[in-house]
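Subject: Handing over the structure

Hello,

Here is the structure I promised to pass on to you. Please have a look at it first, and then read on for what turned up in it.

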There are 2 protein chains.
Amino acid sequence: MGLTRIDKYTQEQVDLAQLLKVLGHPARIAIVQSIIRTDSCVCGDLVTEIGLAQSTISQHLKELKHVGIIQGTIEGSSVCYCINKETWGRLESTVNELFKSVAANPDCC
Amino acid sequence: MGLTRIDKYTQEQVDLAQLLKVLGHPARIAIVQSIIRTDSCVCGDLVTEIGLAQSTISQHLKELKHVGIIQGTIEGSSVCYCINKETWGRLESTVNELFKSVAANPDCC
DNA sequence: AAAGTTAATCGTAATATTGCGATATAGCAA
DNA sequence: TTGCTATATCGCAATATTACGATTAACTTT
């Protein structure tokens, strides 16, 4: 069917999966890393830096923005994209909880 | 084209994205959580617990196994799936590095 | 051997994702 | 106004993903 069934899962599972899914693309990882590294909200630079078409980068930015991983502010004729720390904080604590339970899990096979 | 171009990215970006992508599905999150929680390598139980078809669960297990998130050992007529801690350790440190750089990133817009 | 259990694989239909060029939109500059 | 730049959106083609039923494979029990 190609349609992920969400009626079987908790809201937490759906939310976490959504964030991880959006981050689960190398272009979007590269975009996030670039936004962090350049430390300024350059945006069009991503096109030349990553080497995908402008429309493709714009689409990835849209997805990152849609789930709240980044946020954009219009700044003259360009757009300033930066990290949404609230979402990252939420993701960090959820993921760390998972890591903790993995670490505490005894080997069994 | 539907084909993710990997020639534009570093190996680290591709590897991280691959792990996050596989975890980016609620059924696979539920599977991982269940494997951790039950603390034993039950497997067929996932079908009744999650409520997807047996073939669907098997397919998700295959993907988790393929990227090394879990590992399976044949145990009689059933299979014992459990966490692959080496992969989780790698993922944890990579992700934590990312979280650290996000936290250190100054707000700019 | 025959039947039952468990899990993997195959085939398939429906939907989603990726990437691009072309076009639209909006602010800025001359 | 007329261009120029920056970004978003549209439409499309290629490919990937998701889910399922049916089948297969392998072990267990009778």
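Let me begin with a pairing in chain A: the side chains of A:Glu63 and A:Arg28 form a salt bridge, with N and O 3.3 Å apart. It connects distant parts of the chain, since A:Glu63 sits in helix α4 and A:Arg28 in helix α2, 35 residues away from each other. Before going further, please keep in mind that this is a predicted model.

Are the two partners buried or exposed? A:Arg28 is buried, because its relative accessible area of 8% falls under the 20% cut-off. A:Glu63, with 32%, is partly exposed. Besides A:Glu63, the residues that A:Arg28 touches include A:Lys21, A:Val22, A:His60 and A:Leu64, leaving out those up to four places away in sequence.

Chain B has a salt bridge between B:Glu63 and B:Arg28, where the closest N and O atoms are 3.4 Å apart. Here too the pair links distant parts of the chain: B:Glu63 belongs to helix α4 (residues 54-66) and B:Arg28 to helix α2 (residues 26-38), 35 residues apart. B:Glu63 is partly exposed at 32% relative accessibility, and B:Arg28 is buried at 7%.

Another salt bridge in chain B joins the side chains of B:Arg37 and B:Glu49, at 2.9 Å from N to O. B:Arg37 lies in helix α2 and B:Glu49 in helix α3 (residues 45-50), so this pair ties together parts that are 12 residues apart in sequence. B:Arg37 counts as exposed, at 54%, while B:Glu49 is partly exposed, at 41%. As background, side chains of opposite charge can pair when their charged atoms come close. Over all chains, the search finds 4 salt bridges.

How many salt bridges cross the interface of chain A and chain B? The rule finds 0 there. On the side of chain A that touches chain B, the elements giving two or more residues are α1 (11-23), α2 (26-38), β2 (78-83) and α5 (85-104). The largest share, 11 residues, comes from α5(A). Sorted by class, that side has 29 nonpolar, 11 polar and 7 charged residues. Altogether, 47 residues from chain A and 46 residues from chain B take part in the contact. The buried area between the chains is about 4,200 Å², and carbon and sulfur atoms give 70% of it.

Next, the nonpolar core. The largest one has 66 residues, and those with the most contacts inside it are A:Ile69, A:Trp88, B:Ile69 and B:Trp88. B:Trp88 touches residues of both chains: A:Leu98, A:Phe99 and A:Val102 on one side, and B:Leu23, B:Val32, B:Ile69 and B:Ile83 on the other, not counting residues up to four places away in sequence.

A:Gly51 lies in the loop between α3 (45-50) and α4 (54-66) of chain A and is partly exposed, at 33%. Leaving aside neighbours within four places in sequence, A:Gly51 is in contact with A:Leu46 and B:Lys8. B:Gln71 is in strand β1 (residues 70-75) of chain B and is partly exposed, at 31%. B:Gln71 and B:Asn84 are 13 residues apart in sequence, with their C-alpha atoms 5.8 Å apart.

Definitions and conventions
Residues numbered from 1 in each chain as written. Chains lettered and ligands numbered in written order. Predicted model: local features only at pLDDT ≥ 70, side-chain atom pairs only at ≥ 80, totals over all residues. Heavy atoms only, no water. Core = buried A, V, L, I, M, F, W, Y, C linked by side-chain atoms within 4.5 Å. Buried < 20%, exposed > 50% of the residue type's maximum accessible area, 1.4 Å probe, protein only. Contact = heavy atoms within 4.5 Å. Buried area = accessible area lost by both parts, 1.4 Å probe. Helix = DSSP H or I, 4+ residues; strand = E, 2+ residues; numbered from the N terminus. Nonpolar A, V, L, I, M, F, W, Y, C, P; charged D, E, K, R; others polar.
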